[in-house]
Amino acid sequence: MPVSFCAPEDRRVILWAAILASSMGFIDSSVTSIAMPAMRASLGATLEQAQWINAAYLLTLSALVLAGGAMGDRFGTARVFSIGICIFVAGSIACAFALDPGQMIAARAAKGVGAALMVPGSMAMVSRAYPRAERGRALGLWAAASTMTTALGPVLGGMLVTWGGEVGWRMIFALNLPLGLVALWLVRGRTPGDRGRPGVRVDLVGAALASIGLGLLAWVLTDAAAGLWHWALALAALATFLIWEAMTPAPMIRLGLFRNRSFAVTNIVTLALYFALNGVMFYLPMTAVSAWNVTALEVTAAFLPISLMIGLLSAPAGRWADRLGPGPLMAAGSVLVALAYGGLSIFAAEGDFWGRIVPLMVLAGIGLGLVVAPLTAAVMHSAEEGEQGAASGINNAVARVAGLIAVALLGRVAAATYGAGGAGFGTLGGDAAHLAATGAAFAQVALIAAVMAGLAAALALTTGRTVR
């Protein structure tokens with residue numbers, strides 16, 4: 001007789017382990033964005049190095065997350081999940097003790113590897129622990145608790161950065177140690193049925209090619225000195241990855257999924273919308289802290305509306321999408337995001353954080369609250385039966401890649417708009433020229449983000465009322 005994944009009395013324990021681990025992964029990017037001005041000042045990091053501190057995490061996570069899910073199937077979900085926690089926590093401790101930008105970038109890359117093993121396993125463990133009749137409720141609790149911790153994470157990070165002095169931003173990363181240890185303790189010895197499946201193939205070659213291709217792409221987008229042959233090398237690496245995925249019998253990404261028009265369009269919508277979101281959320285804290293006299297704690301007022309509105313609106317937006325189809329909801333939400341980011345571009349020069357910026361971020365939060373559930377539904381419904389897991393993994397990877405590209409490309413835009421003189425974009429300064437240059441640079445970032453959100457809205461309309 002097959003052994004159950006876990007005992008019925010241990011199901012809730014497994015659920016809490018999954019919540020703790022996934023929360024660590026979810027809050028990492030937002031907390032790092034809030035802490036970035038303090039990290040730059042402490043480590044002496046340039047704007048390009050700050051971009052790589054963010055990109056290193058997204059690069060390894062984007063390239064390895066699909067392989068991480070397959071490794072859980074192959075070697076055991078809980079086992080790979082636990083290994084991912086260990087790597088993530090070790091990377092977090094290395095971040096806390098980093099003495100220069102190079103050490104921080106390496107530690108962030110290690111955290112991305114850990115997250116790629118940990119995040120897919122969190123949902124998979126909940127699915128395996130609960131029977132089908134109870135699985136929906138359990139996943140709902142997992143999503144609600146993860147959303148709550150994701151909303152509270154930036155607030156805690158802002159408090160530590162504002163009140164913790166030199167060690168404040170380091171404590172953000174050190175907090176992952178007790179969270180990770182509790183998650184490991186909760187799952188240890190409670191999954192006797194976590195046997196793995198030796199027949200499952202893991203596309204390690206595809207993961208390596210994806211890492212090389214995305215790494216080269218991030219480099220040429222970040223480095224203004226990159227020439228045509230550098231671009232050719234990056235594109236050749238990505239092309240090699242796609243050719244391998246088309247040829248290998250067990251691909252990390254099954255390219256045949258993109259023959260479904262709705263699936264392809266929905267992923268392009270994801271790319272455009274998450275490009276806009278990640279670009280603004282990474283460069284807004286730099287602008288606010290360095291030029292608008294806003295503390296790291298106050299910056300969280302721009303992050304909270306997104307988490308709160310997604311939590312409040314996802315359930316009704318899902319019901320509306322069932323009646324209207326996901327396309328109209330995705331389009332309406334993307335339009336609101338485009339209007340909000342367009343407003344940021346117009347009012348960036350004023351630097352009125354509470355009067356202009358925060359209300360516009362509330363509007364963006366409402367828009368994203370209307371988009372997230374219909375977008376997920378569109379991805380799930382456009383996939384063939386039995387391939388929903390692969391479709392969800394691809395869509396999540398696309399969202400991560402969008403963030404990687406946005407931070408790399410928009411950093412060049414911000415630096416070019418700021419100009420060669422002055423303290424530099426994202427560094428502290430109080431003179432009028434610095435304030436004006438910083439405002440102009442962020443205005444360009446927000447304008448491009450608004451255009452991308454508008455593109456997402458236009459594409460979403462082409463999906464129509466149905467997703468098939």
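N176 sits in helix α7, which covers residues 176–187. The model is predicted. How accessible is N176? Its relative accessibility is 5%. Buried means under 20%, so N176 counts as buried.

What does N176 touch, leaving aside residues up to four places away in sequence? The contacts are M24, F88, V89, S92 and K111.

## Aromatic pairs

Searching the whole structure gives 6 aromatic pairs. One of them joins Y283 and F425. Their ring centres are 6.0 Å apart, and their planes meet at 50°. Planes under 30 degrees apart count as stacked and over 60 as edge-to-face, so this pair is tilted.

Where do the two partners lie? Y283 belongs to helix α10, residues 261–291. F425 is in the loop between α14 (388–418) and α15 (432–461). The pair therefore ties together parts that are 142 residues apart in sequence. Are Y283 and F425 buried or exposed? Both are buried. Another pair is formed by F353 and W354. It is edge-to-face, with 5.3 Å from centre to centre and 85° between the planes. F353 has a relative accessibility of 3%, so F353 counts as buried.

Ring pairs can also link up. F282, Y283 and F425 form a cluster in this way.

## Arginines over rings

Now for arginine and aromatic rings. Which residue lies over the face of W185? R190 does, at 5.8 Å from the ring centre.

R356 lies over the face of F347. Here the distance from the ring centre is 4.1 Å.

## The second largest pocket

Next comes empty space. Rolling a probe the size of a water molecule over the atoms shows where such space is left. The second largest pocket holds about 530 Å³ of space.

How many residues line the second largest pocket? The lining has 22 residues. Nearest the pocket's centre lie F241, L242, I253, V398 and V401. Several elements give two or more residues to this lining: α2 (47–75), α8 (204–222), α9 (228–247), α10 and α14. Which of the elements gives the most? It is α14, with 5 residues.

What classes of residue make up the lining of the second largest pocket? There are 20 nonpolar residues and 2 polar ones.

## Two loop residues

A45 and N293 both come from loops, A45 between α1 and α2 and N293 between α10 and α11. Helix α1 spans 11–43, and α11 spans 296–324.

Take N293 first. Is N293 buried or exposed? Its relative accessibility is 72%. Exposed means over 50%, so N293 counts as exposed. The backbone of N293 is worth a look too. Its phi is near 60°. That is a positive value in a residue other than glycine.

Now A45. Its relative accessible area is 9%, so A45 is buried. What does A45 touch, not counting residues up to four places away in sequence? A45 touches R40 and P101. How far is A45 from A94? In sequence they are 49 residues apart. In space they are 17 Å apart, C-alpha to C-alpha.

Conventions. Residues are numbered from 1 along each chain as its sequence is written. This is a predicted model: local features need pLDDT of at least 70, side-chain atom pairs count only at pLDDT 80 or more; totals for chains, interfaces and linings use all residues. Side-chain values use heavy atoms; hydrogens and water are left out. Helices (H or I, at least four residues) and strands (E, at least two) are DSSP runs, numbered from the N terminus. Buried means under 20% relative accessible area, exposed over 50%, partly exposed in between (1.4 Å probe, protein chains only). Contact means heavy atoms within 4.5 Å. Rings of Phe, Tyr and Trp (its six-membered ring) pair if their centres lie within 6.5 Å; planes under 30 degrees apart count as stacked, over 60 as edge-to-face and the rest as tilted. A charge sits over a ring if NZ of Lys or CZ of Arg is within 6 Å of the ring centre and within 35 degrees of the ring normal. On a 1 Å grid over the protein atoms alone, a cavity is a set of points where a 1.4 Å probe fits but cannot get out, and a pocket is an open set with protein on both sides within 12 Å along at least five of seven lines; lining residues have an atom within 4 Å of a point. Grid points are joined across faces, edges and corners, and a volume is the space filled by probe spheres set on the points. Ala, Val, Leu, Ile, Met, Phe, Trp, Tyr, Cys and Pro count as nonpolar, Asp, Glu, Lys and Arg as charged, and the others, Gly among them, as polar.
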